[in-house]
Amino acid sequence: MYWVGLPVAVAISLWLLPAGARGLRDAGLVRENYRGAAVAFPLGAVLATAALVALAPLAVLNDRADLDLLDPELRRWLPYLLGIAFLGFLDDALGQAAAAGSPRGWRGHGRALREGSLSTGAIKAIGALALAAYVVSGRGLESWRYVADVVLLILATNLGNLLDLRPGRAEKGLGLLALGLCLGAWTFAPLELLGIFAGPILVGAWLTLGERAMLGDTGSNLIGAVAGVWLLTVLGGDGRLVALAVVVGLTIYGELRSISATIESVPPLRWLDSLGRA
């Protein structure tokens, strides 16, 4: 019955996310999107909250009623997902990501560190490394596979941020990954494991595509973290190495070229990217 988490999270999110977006806007927490429209920000904080609200009753029933409502492996990955959301919120709250002249990308943050400046992006990267090293440990992996899995988890998390340059793009990327993994492995394990996070992300896409809210680093990094955990838990050893090569390639491309420009130049990708957008 691990699948129960997804519909419970969706039901909670249908109420909580619109209310949360209105609350952000009423509090003056808005930011201009790529078209200059002021939207509620950061929706990612509400996504993480919705996941926790869904977790509460499921955890109580799972323990007190002896029901199998939560995958036992969720205990391993939950610190990473919530920690990543916190680090993203730290970046959003301090405003470094949008400040003029602030470092951007891996190269920018690395250069800032060499110059003795610790940006919020660098803090996020260091924190993500620590969290990834912790949650991947204890799985009985060889040393080089342990390192490879840590790198895959970190880069997948960052990829969510690289994709989040247009409304709904990161969510669509996660949806395609979920579809590919479920069909490829013929399993619902990804949704059963992280249904409490997939539900809010699914509902949140309705708000971001409608340009009523923006994920922020809180949301985009949370989406990337979910993708990374799915890759680690569904794929075998060789599959994870292939995924690592793909994620490394996309990360390098995103650092050197414009992903948005590439999507705009390929008609099928442009159609998919704009699908459902206001």
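This is a predicted model: local features need pLDDT of at least 70, side-chain atom pairs count only at pLDDT 80 or more; totals for chains, interfaces and linings use all residues.
Residues are numbered from 1 along each chain as its sequence is written, and side-chain values use heavy atoms, with hydrogens and water left out.

**Backbone entries**

I placed glutamate 211 in the loop between α8 and α9 (216–234), taking helices (H or I, at least four residues) and strands (E, at least two) as DSSP runs numbered from the N terminus. Its phi is near 55°, a positive value in a residue other than glycine. Aspartate 66 also has phi near 55°, and I found aspartate 66 in the loop between α2 and α3 (74–94). Aspartate 66 is exposed, with a relative accessible area of 66%.

I then looked up the peptide bond between phenylalanine 41 and proline 42, which is cis, with omega about -5°. Proline 42 sits in the loop between β2 (38–40) and α2 (43–64).

**Helix α9**

I checked the span of α9, whose 19 residues reach 27 Å from first C-alpha to last, close to the 27 Å expected at 1.5 Å a residue; the expected span is 1.5 Å times one less than the number of residues. Of the 19 residues of α9, 18 are buried, so the helix is largely enclosed by the rest of the structure.

**Pocket and cavity**

I looked next at the second largest pocket, which has a volume of about 730 Å³. On a 1 Å grid over the protein atoms alone, a pocket is an open set of points with protein on both sides within 12 Å along at least five of seven lines, a cavity is a set where a 1.4 Å probe fits but cannot get out, and lining residues have an atom within 4 Å of a point. Grid points are joined across faces, edges and corners, and a volume is the space filled by probe spheres set on the points. This second largest pocket is lined by 27 residues, with Leu159, Leu163, Gly173, Leu176 and Leu250 nearest its centre. The largest share of that lining, seven residues, comes from α7, and α9 is among the helices that each supply at least two residues.

I searched the whole structure for cavities of 30 Å³ or more and found one. The largest cavity has a volume of about 50 Å³, and its lining includes Tyr2, Leu58, Asp71 and Glu192. The largest share of this cavity lining, five residues, comes from α8.

**Proline 267**

I placed proline 267 in helix α12, and at 48% relative accessibility proline 267 counts as partly exposed. Proline 267 and alanine 40 are 227 residues apart in sequence and 30 Å apart in space, C-alpha to C-alpha.

**Tryptophan 186**

My last entry concerns tryptophan 186, in the loop between α7 (169–185) and α8 (189–209). Tryptophan 186 is exposed, with a relative accessible area of 74%.

Conventions:
Buried means under 20% relative accessible area, exposed over 50%, partly exposed in between (1.4 Å probe, protein chains only).
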